[in-house]
Amino acid sequence: GITDYRAHGLSRPPLTELLAMHQIYETGVATGCPAHVVHCSLGRGYDIAAGYRAQGHAATVEACIHYLVLDEENDVRRLGGKAKINPPIRSRAEVEKLWRHVAAGNVTLISTDHVSWSEQRKTNPDMLANSSGVPGLEAMLPLFVKGALQRGIPLTWAARLMAQNPARHFRIDHVKGALEVGKHADIAVMTPSNHVYDAALSGHNVVGWSPYNGMTLPYRVAATYLRGRLAFDGTRVMAEPGTGHFVRPPASLLLQRLTP
């Protein structure tokens, strides 16, 4: 009978997520394949992943920026369906546990789960009737930098968790993920600028809302470069359609991994 903001978390309790993680990692153990968990919302989940790695298994795990920023008792209570994400946003205590795992090196990579639902799909008073997922790509880097600064985590970890490690994970680190000779000059430039985030102001968030609206961010993304060419000047997208290239893992990579 519960239909308010609490309904989503109650429908997906921590135990269900943790059991699913064990199933994924045990499948990796049984098959000898790398096993990856996306969207881990619980500190205990990162403990589980670290335990499998300590046993010699390839067990990676992803955090989403919303699990490092939002909490159930404040943000989900306030936002309702606009904070409905799978797995659910957890408590503030879990948020801080996740940051401790970031600091300990137990997080493989960070993503957004960016989804541009219209507000009509996210404002039903019945929490479970709303669509799952939120827009987050535009604010991900400033949000992580803010959280890292508050907790004494080196800002270079932003490059590790959102560039280097993802490139390695998707096996394209021969050309992506680091500023090294022979790799693409993909660069994000940030400038100090305390500002209150409003997703409707930039013109780049197609739905004009965000669960991060009203939050003060310490930096802005002032420019981005793709393969050394200006793609975004801080206001306008400069890259033309067709600028992107499909990047494949090296053809020999699988054979290299299978070679004793």
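This is a predicted model: local features need pLDDT of at least 70, side-chain atom pairs count only at pLDDT 80 or more; totals for chains, interfaces and linings use all residues.
**Helix H5 and its surroundings**

Let me begin with two helices, H5 and H6, whose axes come within 11 Å and cross at roughly 80°. The axes here are lines fitted to C-alpha atoms, for helices over the stretch in contact, and the angles run from 0 to 180 degrees between N-to-C directions. From H5 the contact is made by Arg 92, Glu 96, Trp 99 and Val 102, and from H6 by Phe 144, Gly 147, Ala 148 and Arg 151, where contact means heavy atoms within 4.5 Å. Sorted by class, the contact of H5 with H6 has 4 nonpolar, 1 polar and 3 charged residues, with Ala, Val, Leu, Ile, Met, Phe, Trp, Tyr, Cys and Pro counted as nonpolar, Asp, Glu, Lys and Arg as charged, and the others, Gly among them, as polar.

Residues are numbered from 1 along each chain as its sequence is written, and side-chain values use heavy atoms, with hydrogens and water left out.

Now to H5 itself, which runs over residues 92-104 and reaches 19 Å from its first C-alpha to its last, close to the 18 Å expected at 1.5 Å a residue; the expected span is 1.5 Å times one less than the number of residues. Helices (H or I, at least four residues) and strands (E, at least two) are DSSP runs, numbered from the N terminus.

Which residues of H5 are buried? They are Glu 94, Val 95, Leu 98, Trp 99, His 101 and Val 102, buried being under 20% relative accessible area, exposed over 50% and partly exposed in between, with a 1.4 Å probe and protein chains only. Seen down the axis of H5, these buried residues fall within an arc of 160°, so they line one face of the helix; the arc is that of the directions from the helix axis to the C-beta atoms. On the other side of H5, Arg 100 and Ala 104 are exposed. After H5 comes Gly 105, with a positive phi near 85°.

Turning to H7, we find 14 residues and a reach of 18 Å from first C-alpha to last, close to the 20 Å expected. Its buried residues are Trp 157, Ala 158, Leu 161, Met 162, Asn 165, Pro 166 and Ala 167, and what covers them includes H5, strand S3 (109-111) and H6. One of them, Asn 165, has a relative accessible area of 15%, and, leaving aside its neighbours within four places in sequence, Asn 165 is in contact with Val 107, Thr 108 and Arg 160.

Finally, the loops. Pro 87 lies between helix H4 (72-79) and H5, and the peptide bond from Asn 86 to Pro 87 is cis, with omega near -10°. His 39, in the loop between strand S1 (35-37) and H3, has a positive phi near 55° although it is not a glycine, and His 39 is buried, with a relative accessible area of 14%.
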